[in-house]
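Take a look at the chain below.

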Amino acid sequence: MSLVSHATSERRGENHWLLRFELHLPYSYEALWHAVTTPDGLRGWLAAADVLERRLGGAVTLRWLNTGTVASGHVSAWDVERVAEYTVAGLGRIRFHLEAVGTDSTVIRFANERGGSDEARLDCLAGWHEHFVLLEAALAGRPTDWSAWTDSRWAGLRASYASFSEVRKAS
């Protein structure tokens, strides 16, 4: 059973979005910090970090192993064991804010500020949701086997986000 719930999104001008997830995970913030800020950690659930200079202003190049997408940019915020933010071409600003809850639980407040159409927004919501499910598995000792990747779960999530958007428009 996944601990990832649906994200929220809001329009920030024409063709600009803010996507947000808040996850409460039963892992220490040290484990999560490793997962979101190291090449080894990122590879287990998100992307290969071909370049990752772990400091404010450092270079970053992420290569998604399920799609082949490559995005380069820089580290735009860095507060050790609290905030890691990457601003990369085509994907916008990707921010992970960690907050320890006791010694064995962490809240991740994630934000992705990006451009794109409503269709691209739905693709990204489903993509991030899927990757956060993969993060849970990686933290539990089951890093992603990228050679076995299929987009079937992503397609189901995208349909769910599209349905949710239609319900919100109707109300």
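This is a predicted model: local features need pLDDT of at least 70, side-chain atom pairs count only at pLDDT 80 or more; totals for chains, interfaces and linings use all residues.

Start with the largest pocket. Its volume is about 390 Å³. A total of 16 residues line this pocket. Find Trp64, Thr67, Asp123, Gly127 and His131, which lie nearest its centre. Which helix gives the most to the lining? Helix α3, residues 118-139, does, with 6 residues.

Now turn to the rings. A pair of aromatic rings is described by two things: the distance of the centres and the angle of the planes. The structure holds 11 aromatic pairs. Take Trp45 and Phe96 as one of them: their ring centres are 6.1 Å apart and their planes stand at 85°. Planes over 60 degrees apart count as edge-to-face, so Trp45 and Phe96 form an edge-to-face pair. This pair links distant parts of the chain. Trp45 sits in the loop between α2 (39-43) and β3 (48-52), while Phe96 belongs to strand β7 (residues 92-100). The two are 51 residues apart. Are Trp45 and Phe96 buried or exposed? Both are buried.

Trp45 and Phe96 also belong to a cluster.

One more ring deserves a look. The charged end of Arg121 sits over the ring of Trp17. Its distance from the ring centre is 4.9 Å.

Key. Residues are numbered from 1 along each chain as its sequence is written. Side-chain values use heavy atoms; hydrogens and water are left out. On a 1 Å grid over the protein atoms alone, a cavity is a set of points where a 1.4 Å probe fits but cannot get out, and a pocket is an open set with protein on both sides within 12 Å along at least five of seven lines; lining residues have an atom within 4 Å of a point. Grid points are joined across faces, edges and corners, and a volume is the space filled by probe spheres set on the points. Helices (H or I, at least four residues) and strands (E, at least two) are DSSP runs, numbered from the N terminus. Rings of Phe, Tyr and Trp (its six-membered ring) pair if their centres lie within 6.5 Å; planes under 30 degrees apart count as stacked, over 60 as edge-to-face and the rest as tilted. Buried means under 20% relative accessible area, exposed over 50%, partly exposed in between (1.4 Å probe, protein chains only). A charge sits over a ring if NZ of Lys or CZ of Arg is within 6 Å of the ring centre and within 35 degrees of the ring normal.
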